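Subject: Structure for you to look at

Hi,

Here is the structure I promised to send over. Have a look through it when you get a chance, and then read on for what turned up.

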Amino acid sequence: MKAAGIERGVAVFSGRVPVDRPLFDGIKKLGWVPGVYRMPTGNLFHVSKQRGWPSQLLLGRLHPESFYKSSRLEAWNRICGRHLLPEWLPKAKALLTDPGAQLAYFDTLVVQLASCLDPSHPSTIEENQQARLEILQKSQELGLVIGSGEGVAPTWALPGLDFFEGEMSLRTYADSKLKIPAGDYQFDNGASYKADAAVLLDETRRIPLYQLAFHDYVAGTWVWRDSNYQSLAFAHKKDLFNILYGTMPMWHVDRKIWAARKNDLVASYRAMAAVRSRIGFATMTDHGWLAPDRSVQYSDWDTGDRVIVNFCAKPFTRAGKPPVAGGGFVLERK
Ligand SMILES: [Zn+2]
């Protein structure tokens with residue numbers, strides 16, 4: 001990939017892929033950032049299969065004592081930030097030497113909040129949130145780049161995060177009908193993605209509020225079930241949103257996928273790198289449309305740059321300036 005021109009990248013290995021120091025050292029030598037998938041906290045459903053139980057507790061619709069008795073008692077240890085913090089830190093520290101990680105992605109840590117009812121370490125939902133923020137921040141302090149997310153990008157977690165997975169997506173956790181949770185990334189969702197795309201990729205309705213507020217503070221990307229190339233038919237449109245919002249693309253890559261999609265991926269990388277190398281850490285100062293049907297949009301940046309994206313198939317002509325090709329973009333001085 002490096003030889004093909006993918007100069008920079010973050011390589012996050014899912015929990016099922018074995019990694020070691022030689023692999024991560026090799027990735028570092030390429031100038032890429034190697035990262036690991038971890039869950040310092042666990043899933044709420046292990047405590048109880050009852051949907052939405054944290055809200056039900058907060059609203060007083062569940063009686064704490066009887067709910068606790070009916071729950072899986074040992075699972076509370078895995079959702080309680082305050083309980084987990086001391087045991088997590090040595091594990092995070094160890095990641096720096098083996099496998100030599102520079103980055104860690106904490107799946108669902110910021111989106112599965114609940115109060116803890118374990119009588120030996122009870123905590124309110126606010127205390128759990130605070131402890132989870134400390135897990136993020138103390139991991140950052142060790143020198144790791146830290147990300148979390150899963151379709152929701154809660155602002156309370158911003159002080160502890162470098163990137164948000166799912167920030168580009170418009171869904172909350174686990175409400176996607178995409179088939180990917182079953183696990184085949186080589187499966188092209190193709191036309192079956194149309195219904196999702198009608199919501200997620202509707203340029204007439206999307207407004208980059210999160211990027212307008214926080215682009216210079218946190219990097220964002222799509223949710224892992226719904227990465228740029230999950231449907232080849234819509235990959236280019238997702239790229240255009242990344243370009244307009246100055247955010248990161250996400251690819252699932254193994255040798256087979258790389259061989260099959262190499263040309264597309266290299267072209268996509270070049271387009272995005274041309275923009276993100278200028279405004280990747282900049283403040284988005286404005287966003288708007290240049291055509292009444294919102295098919296042509298711009299984002300302005302504190303670097304003095306303007307990105308114009310044409311979602312329409314026809315070229316967008318401009319008086320005294322070169323046209324923006326159909327499905328294309330330009331980066332110019334404002
Ligand atoms: Zn607890």
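Below are my notes, starting with the whole chain and then going through a few places in it.

First, a caveat: this is a predicted model, so everything here is computed from predicted coordinates.

**Overall**

The protein has 9 helices and 12 strands. Its C-alpha trace spans about 70 × 50 × 40 Å along the principal axes. Buried residues account for 35% of the 334. If you take the contacts with a sequence separation of 6 or more, 65% of them are between residues 24 or more positions apart.

**The core**

In soluble globular proteins, nonpolar side chains tend to be buried together. Here the largest nonpolar core has 66 residues, and the ones with the most contacts inside it are A104, I243 and V309. Which helix gives the most to this core? That would be α8 (residues 232–245), which puts in 7 residues.

Apart from neighbours within four places in sequence, A104 is in contact with G35, V36, R38, L95, S139, L144 and I146.

V10 sits in strand β1 (residues 10–13). Is V10 buried or exposed? It has 20 C-beta neighbours inside 10 Å, and because the cut-off for buried is 20 or more, V10 counts as buried. Setting aside residues up to four places away, V10 touches V33, G35 and L103. G35 is also among the contacts of A104. For a sense of distance, V10 and L142 are 132 residues apart along the chain, with 18 Å between their C-alpha atoms.

**α4 against α5**

Helix α4 (residues 81–97) packs on helix α5 (residues 125–141) at an angle of about 10°, with the axes 9 Å apart. That angle is under 35 degrees, so α4 is roughly parallel to α5. On the α4 side the contact is made by G81, R82, L84, L85, W88, L89 and A92; α5 contributes E127, N128, A131, R132, E134, I135, K138 and S139. Sorted by class, this contact has 7 nonpolar, 3 polar and 5 charged residues. One of the α5 residues listed, S139, also turns up in the contacts of A104.

I79 is in the loop between α3 (64–70) and α4. With 25 C-beta neighbours inside 10 Å, I79 counts as buried. Leaving out neighbours within four places in sequence, its contacts are T41, G42, L44, V47, Q112, A114 and C116. I79 and Y229 are 150 residues apart in sequence, and their C-alpha atoms are 33 Å apart in space.

Which two residues are joined by a cis peptide bond? They are D98 and P99, with omega about 15°. P99 is in the loop between α4 and β3 (103–106).

Most residues other than glycine have a negative phi, and most peptide bonds are trans.

- E150 has a phi near 90° without being a glycine. E150 is in the loop between β4 (145–149) and β5 (163–165), and it is buried, with 23 other C-beta atoms within 10 Å.
- R294 has a positive phi of about 65°, and is not a glycine either. R294 is in the loop between β7 (284–289) and β8 (296–301). With 17 other C-beta atoms within 10 Å, R294 is partly exposed.

**One more loop**

T283 lies in the loop between α9 (255–279) and β7. T283 is partly exposed, with 17 other C-beta atoms within 10 Å. Not counting residues up to four places away in sequence, T283 touches H215, D216, W301 and D302. T283 and A271 are 12 residues apart in sequence and 20 Å apart in space, C-alpha to C-alpha.

Cheers

Technical notes:
Residues numbered from 1 in each chain as written. Predicted model: local features only at pLDDT ≥ 70, side-chain atom pairs only at ≥ 80, totals over all residues. Axes fitted to C-alpha atoms, helices over the stretch in contact; angles between N-to-C directions. Helix = DSSP H or I, 4+ residues; strand = E, 2+ residues; numbered from the N terminus. Parallel < 35°, antiparallel > 145°, perpendicular 65-115°, else oblique. Contact = placed C-beta atoms within 7 Å. Nonpolar A, V, L, I, M, F, W, Y, C, P; charged D, E, K, R; others polar. Core = buried A, V, L, I, M, F, W, Y, C linked by C-beta atoms within 7 Å. Buried ≥ 20, exposed ≤ 12 C-beta atoms within 10 Å, placed from the backbone.
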